[in-house]
Amino acid sequence: MTNKIEVNWKGQMLFESVAPEGSVMIDADKAVGGQGKGLRPKAMMLTSLAGCTAMDVISLLKKMRAEVDDFKISVEANLTDEHPKFYDKVKVTYHFFGSDFKKDKIEKAVNLSVERYCGVFEMFRQFSDISHEIIYIEQ
């Protein structure tokens, strides 16, 4: 399977990335000519990571009949100091909101995503020390 996107320059440091499924704006920091009208490329990488594993987890929880009231993922990453700068350490935190959690199924869903299904997680493993954590918030 081949994926294809196109990135079109919109002036200054603003670009639009277009894929068959939709588009997203990419912009640089104001210090280097950006206007704050889009995500920065490295932030998009973290967004891709969170989005990939989030979709896996929600899909798996639905199949396992272990749905939660709410769910979010936060990603924290350390950027190296030297060029080319890259994320050498990444932590993905899964936040589940609700009551009467089916923790065994939630943990299974997260682990299946992390270890088997999320291709972006696997890509990050190639260049970073990546870890994850699960947090339950009772409501």
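Lys 102 sits in the loop that joins β5 (87-98) to α2 (103-117). The model is a predicted one. Lys 102 is partly exposed, at a relative accessible area of 38%. On the surface, Lys 102 gathers with Arg 65, Lys 105 and Lys 108 in a patch of positive charge.

Charged side chains also pair up. The count of salt bridges comes to four. One of them links Arg 40 and Asp 29, with 2.7 Å from N to O. Both residues lie in the loop between β3 (22-26) and α1 (41-63), so the pair ties together parts eleven residues apart in sequence. Arg 40 is partly exposed, at 45% relative accessibility. Asp 29 is also partly exposed, with a relative accessible area of 31%.

A salt bridge also forms between the side chains of Glu 133 and Lys 91, at 2.9 Å from N to O. Glu 133 belongs to strand β6 (residues 129-138) and Lys 91 to strand β5, so this contact ties together parts that are 42 residues apart in sequence. Glu 133 is partly exposed, with a relative accessible area of 30%. For Lys 91, likewise partly exposed, the value is 35%.

Helix α3 (residues 119-125) holds both Arg 125 and Glu 122. They are three residues apart, about one turn of the helix. Their side chains meet in a salt bridge of 2.8 Å, N to O. Arg 125 counts as partly exposed, at 31% relative accessibility. Glu 122 is partly exposed too, with a relative accessible area of 39%.

Technical notes: Residues numbered from 1 in each chain as written. Predicted model: local features only at pLDDT ≥ 70, side-chain atom pairs only at ≥ 80, totals over all residues. Heavy atoms only, no water. Patch = residues over 30% accessible without salt bridge, like charges linked within 9 Å, V, L, I, M, F, W, Y side chains within 5 Å. Areas by Shrake-Rupley, 256 points an atom, 1.4 Å probe, with all protein chains shown as cover. Lys, Arg positive; Asp, Glu negative; His and termini not counted. Charge placed at Lys NZ, Arg CZ, Asp CG, Glu CD. Helix = DSSP H or I, 4+ residues; strand = E, 2+ residues; numbered from the N terminus. Buried < 20%, exposed > 50% of the residue type's maximum accessible area, 1.4 Å probe, protein only.
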